[in-house]
Amino acid sequence: LLKEWKRGVSITLVKHPAYRGHVGVDQIMIKIIPNREAGLQLIKTGDIDILWGLAESDLQALDALAQDGVRYSALKSGETESLVLNLADPTLDAPADPIKHPHPLLANLRVRQAIQLGLDKQRLADVLLGGKAEPATSILNRGWAACAQPPSEFNPDKARQLLEEVGWLPGPDGIRLKESVKLRLRYQTTADDPLRHQAQQLMVEMMKDIGVDLHIENVPEDVLFASWGKDGLRKHGHFDVLQFTSGPSSTDPGHYLADNFATGSIPTAANKGSGSNY
């Protein structure tokens, strides 16, 4: 039973007095904490018993806590930290038709291919995650339905070539120009995640090397993941590049794929923002 809910602070649950089965605890308090770093400090001091949602970069800190009785389980999941690129005009409300109203920069396939070629995913894994994470090859990267695809190529020279083929030429500051328009993209993720911010800094450097300007403009989590009714920027298509974690379960990825990639899952006014095909 829900005993108490302090918004943004904690949720307290107690066992139901009429439940006839065995319940091993009388009360569970779920604390809402701002980030992983705060969670690691709380589990070190014994203020919490269980900590969820850690990353590979935290394993070294957890190993150091072993002498304090802290134990952890590290399992590979099917979730992937992804960059979501908007193909439609971000100034228009969803569902902006990417054919009739294309994104002025990202609608071109070669621009998107150049971004992929310019990202050194293995370097991200090595520098930020201690080499303990594998670059994913697709959104279905683990489990029985995993797609057997090779890792994407890291080739900055080929990325530059593709951009020049479609008219994006280096400007005085190294950022590419086309008809006096800069190849500049707004790049957003959650504002309270230091690991993501470190990843952003590395990716900004990688993109600058091929002449793409990623402009960081992070937002609070409740803004990035806001619903249609609360004018969520994902739901309404008001973004260029977003970064967040997503992925299907290994048991049955069908529902996830339909919700994220089927045409009927594009959020619209008609379906009241249902679906996650951004």
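Phe239 counts as buried, since its relative accessibility comes to 1%; buried here means under 20% relative accessible area, exposed over 50%, and partly exposed in between (1.4 Å probe, protein chains only). The model is a predicted one, so to speak of local features takes a pLDDT of at least 70, side-chain atom pairs count only at pLDDT 80 or more, and totals for chains, interfaces and linings use all residues. Residues are numbered from 1 along each chain as its sequence is written, and side-chain values use heavy atoms, with hydrogens and water left out.

Phe239 sits in the loop between α7 (221–224) and β10; helices (H or I, at least four residues) and strands (E, at least two) are DSSP runs, numbered from the N terminus. Neighbours within four places in sequence aside, Phe239 is in contact (heavy atoms within 4.5 Å) with Val84, Leu85, Asn86, Pro90, Arg186, Gln188, Leu233, Arg234 and Tyr278. Leu224 is 15 residues away along the chain, and its C-alpha atom is separated from that of Phe239 by 9.9 Å.

Next comes β10 itself. This strand (residues 241–246) is mostly covered, with 5 of its 6 residues buried. Strand β4 (residues 80–85) pairs with β10 in the antiparallel sense over 6 bridges, where pairing requires that DSSP finds at least two bridges between the strands. In β10, Phe244 has Ser82 standing opposite. Strand β8 (residues 184–188) also pairs with β10, here in the parallel sense over 2 bridges, and Gln188 stands opposite Leu242.

Helix α5 (residues 156–165) has Pro156, Ala159, Leu162 and Leu163 buried. These residues are on the same side of α5, because they cover an arc of only 120 degrees around the axis, the arc being that of the directions from the helix axis to the C-beta atoms. An α-helix has 3.6 residues a turn, so residues three or four places apart point the same way. The cover over the buried residues of α5 includes α3 (109–118), β6 (176–178) and α6 (194–210). Just after α5, Gly167 takes a positive phi of about 90 degrees.

Then there is the surface. Leu2, Trp5, Leu13, Val25, Ile28 and Ile30 make a nonpolar patch of about 560 Å². Elements giving two or more residues to the nonpolar patch are β1 (2–6) and β3 (27–31). Val25 lies in the loop between β2 (10–14) and β3, and is partly exposed, with a relative accessible area of 42%. Patch members have over 30% relative accessible area and no salt bridge, with like charges joined within 9 Å and nonpolar side chains (Val, Leu, Ile, Met, Phe, Trp, Tyr) within 5 Å. A salt bridge puts a side-chain nitrogen of Lys or Arg within 4 Å of a carboxyl oxygen of Asp or Glu. Accessible areas come from the Shrake-Rupley method with a 1.4 Å probe, and for residues only the protein chains shown count as cover.
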